[in-house]
Amino acid sequence: MADKTKKKKKEDITFFHPDIFEVPEDSPPYLKGWKCKQCGTIWFPKFSPCPNPDCWSEDMEIVPLSRKGKIYSYTDMYIGQLELKAYMPMTVAYVDLPEGIRVFAQLDGEVGTFNCEDEVEVVAGPVRDNMDGKPITSYKFKKIS
Amino acid sequence: MRDVYIIGIGEIPFGMLPDDYHILGQRVVMASIRDAGISWKDIDSAFVGNGMNGVCTGQRMFRDTGMCGKLPIINVESACSAGAMAVHSAYVRVGAGLDEVSIGVGAENASLHRVSGTAATPDLADIEGFLGVVMVGKYALRAQRYMYETGATIEDLAQVAIKNRRHAKNNPYAWSKARGEISVEEVVNSRMIATPLTLNQCCAMTDGAGAVILASEDAVKKFGIAKPVKIEASSVVSGPFNIGHKDECADDIVTLGCNAAYEESGIGPEDIDMAECHDAFTISELIYYEAMGFCKKGDGLKMLRDGDVTHGGKVVFSPRGGMLAYGHPMGASGAVQIVECARQLRGECDGYQVEGAKTALSQVTGGGLSGTQHAACTTHILSI
């Protein structure tokens with residue numbers, strides 16, 4: 001029988017996503033790579049089992065990724081998702097990490113201040129609001145000054 | 001596979017249309033059946049492409065033509081590639097000998113289903129979508145890198161929009177607000193959407209539909225089709241998955257899809273007279289000259305500047321005006337590209353005819369999926 005008592009609405013997430021991003025209290029934040037112990041490939045974001053079709057191993061370990069990378073490309077977006085109006089304009093980028101991984105991310109900083117090949121480092125910051133109107137924290141990249 | 005021919009085409013002028021997708025679809029189904037000069041009873045199966053309008057889209061469309069219950073209707077979804085994938089599916093069914101005649105339809109109404117002032121977004125289940133990307137942002141990232149690597153300017157990018165709108169000047173099916181002459185200043189100084197892409201470098205989210213009827217050689221003879229258009233190749237590929245440092249000034253899946261079509265047909269880019277591509281943004285067409293093999297890597301901008309991609313050039317790109325002049329109703333575009341290629345080969349494009357066109361290529365990608373450059377790509381090569 002269906003439960004007719006009203007359940008308390010579950011609060012929406014305020015952190016995205018513990019499996020891919022770590023913000024330690026006493027050291028800088030870092031992205032988590034998912035390394036396959038069988039074929040050795042490092043994946044980002046989380047893939048488990050390993051998406052290498054010749055592997056598909058379930059044996060994955062988390063490895064911290066480099067905190068610093070280079071902007072492969074960026075754009076200042078003035079029109080975006082409806083739910084992100086308060087965040088516009090927003091600069092997004094592909095950041096290349098030395099592990100050979102490319103990460104898509106929002107950039108922390110003013111529009112019009114970024115260029116291809118700029119060096120950036122990972123930081124924590126709000127990326128969008130949740131269903132309760134509270135900011136969700138995740139990774140962003142900031143120019144190394 | 002046996003040979004497959006296009007025997008009927010239908011489309012309606014694109015724009016902000018008050019009728020929903022299934023009504024737009026019905027109109028092009030009826031138009032294509034009349035164009036072929038056959039009866040609805042001659043159609044053995046239907047494939048319907050739609051992006052985001054609902055479920056059971058094809059059955060809803062065909063119910064009101066009275067054809068529901070008389071044939072299998074299969075719905076096809078892959079975002080922008082859906083309409084062309086529907087035509088591909090009909091091609092496979094006829095080519096395999098299951099059917100003598102099959103119809104591929106693409107239909108979409110964006111304006112009734114979307115909030116204005118927002119941009120098309122990948123699924124929020126996709127990490128890039130969650131972190132805020134929109135489709136124009138993904139293309140802007142490519143454009144910015146292209147400018148960084150080649151020295152191209154916004155004014156260079158603008159030339160694609162100027163060319164395509166000019167191509168559409170006399171095309172009654174293109175969006176009335178986007179066809180005709182436009183100046184560099186009007187393109188460059190229009191509202192910034194995502195640097196360096198200004199409003200007039202982006203396709204509009206219009207509404208529209210297209211239908212293509214495919215038939216076997218026997219059926220072509222039986223119905224006495226005057227100008228059957230042969231499908232030389234119909235390829236569907238999925239996007240290579242690569243989280244690494246890939247070249248965003250190239251396009252792996254478009255190259256993969258075109259090469260598959262060139263191999264299937266034995267026709268190379270040097271033999272192709274015209275192409276309708278996924279010019280949703282100015283940068284995409286520029287990249288596709290190279291990705292499709294019409295020029296060497298790095299020579300795309302030169303092709304555009306030298307007039308090689310317009311009437312009188314090596315290959316006429318986007319003679320209908322492309323998405324930049326039609327607008328881009330997600331599920332409809334891929335089917336309408338094929339309609340327009342067939343219309344050109346039949347020599348029926350008064351005022352925008354590619355003179356002497358014998359072979360045409362259509363290409364449409366689909367979907368923002370992180371780790372791929374596009375989720376899907378459908379390519380057709382047609383001849384007469």
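Predicted model: local features only at pLDDT ≥ 70, side-chain atom pairs only at ≥ 80, totals over all residues.
Local features need pLDDT of at least 70 and side-chain atom pairs pLDDT 80 or more, while totals for chains, interfaces and linings use all residues. Residues are numbered from 1 along each chain as its sequence is written, chains are lettered from A and ligands numbered from 1 in the order in which they are written, and side-chain values use heavy atoms, with hydrogens and water left out.

The interface comes first. Chain A contributes 40 residues and chain B 34 residues to the contact, where contact means heavy atoms within 4.5 Å. Together the two chains bury about 3200 Å², 65% of it on carbon and sulfur atoms. Buried area is the accessible area (1.4 Å probe) lost by two parts on being put together, summed over both. Between the chains, 18 residue pairs are in polar contact, both residues being at pLDDT 80 or more. A polar contact is a pair of N or O atoms within 3.5 Å; within protein, one must be able to donate a hydrogen and the other to accept it, and residues adjacent in sequence count only if both atoms are side-chain atoms.

On the side of chain A that touches chain B, two or more residues come from each of strands E3 (42-43), E5 (68-77), E6 (90-96), E7 (102-108), E8 (119-129) and E9 (135-143) of chain A. Helices (H or I, at least four residues) and strands (E, at least two) are DSSP runs, numbered from the N terminus. E5(A) gives the largest share, seven residues. By type, this side of chain A holds 28 nonpolar, seven polar and five charged residues. Here Ala, Val, Leu, Ile, Met, Phe, Trp, Tyr, Cys and Pro count as nonpolar, Asp, Glu, Lys and Arg as charged, and the others, Gly among them, as polar.

One salt bridge crosses the interface of chain A and chain B. The term denotes a side-chain nitrogen of Lys or Arg within 4 Å of a carboxyl oxygen of Asp or Glu. The partners are Arg145(B) and Glu117(A), with their closest N and O atoms 2.9 Å apart. Shared partners join Glu117(A), Arg145(B) and Glu149(B) into one network. Glu117(A) sits in the loop between E7 and E8 of chain A. Its relative accessible area of 30% makes Glu117(A) partly exposed; buried means under 20%, exposed over 50%, and partly exposed in between (1.4 Å probe, protein chains only). Glu117(A) also has a positive phi of about 75°, although it is not a glycine.

Over all chains, the structure holds 27 salt bridges. In chain A, Glu22(A) pairs with Lys32(A) at 2.6 Å between the closest N and O atoms. Glu22(A) lies in strand E1 (residues 21-22) and Lys32(A) in strand E2 (residues 30-36) of chain A, so the pair ties together parts 10 residues apart in sequence. Glu22(A) is partly exposed at 29% relative accessibility, whereas Lys32(A) is buried at 9%.

In chain B, Arg320(B) forms a salt bridge with Glu276(B), the closest N and O atoms being 3.0 Å apart. Arg320(B) is in the loop between E10 and helix H12 (322-326) of chain B and Glu276(B) in strand E9 (residues 274-276) of chain B, so the pair ties together parts 44 residues apart in sequence. Both Arg320(B) and Glu276(B) are buried. Ser318(B) lies in the loop between E10 and H12 of chain B. Ser318(B) is buried at 0% relative accessibility and has a positive phi of about 60°, although it is not a glycine.

The sheet of chain B is open and mixed, with 10 strands in the order E3-E2-E4-E7-E1-E8-E12-E11-E9-E10. Strands pair if DSSP finds at least two bridges between them. Strands E3 (73-76) and E10 (316-317) of chain B stand at the edges; each has a single partner strand, so one side of each lacks a neighbour in the sheet. Strands E4 (residues 101-108) and E7 (residues 208-216) of chain B run antiparallel and are joined by eight bridges. Gly104(B) stands opposite Val212(B) in E7(B).

Two cis peptide bonds can be noted in chain A. One runs from Phe16(A) to His17(A), with omega near -5°. His17(A) is in the segment before E1 of chain A. Another joins Met88(A) and Pro89(A), with omega about -10°. Pro89(A) is in the loop between E5 and E6 of chain A.
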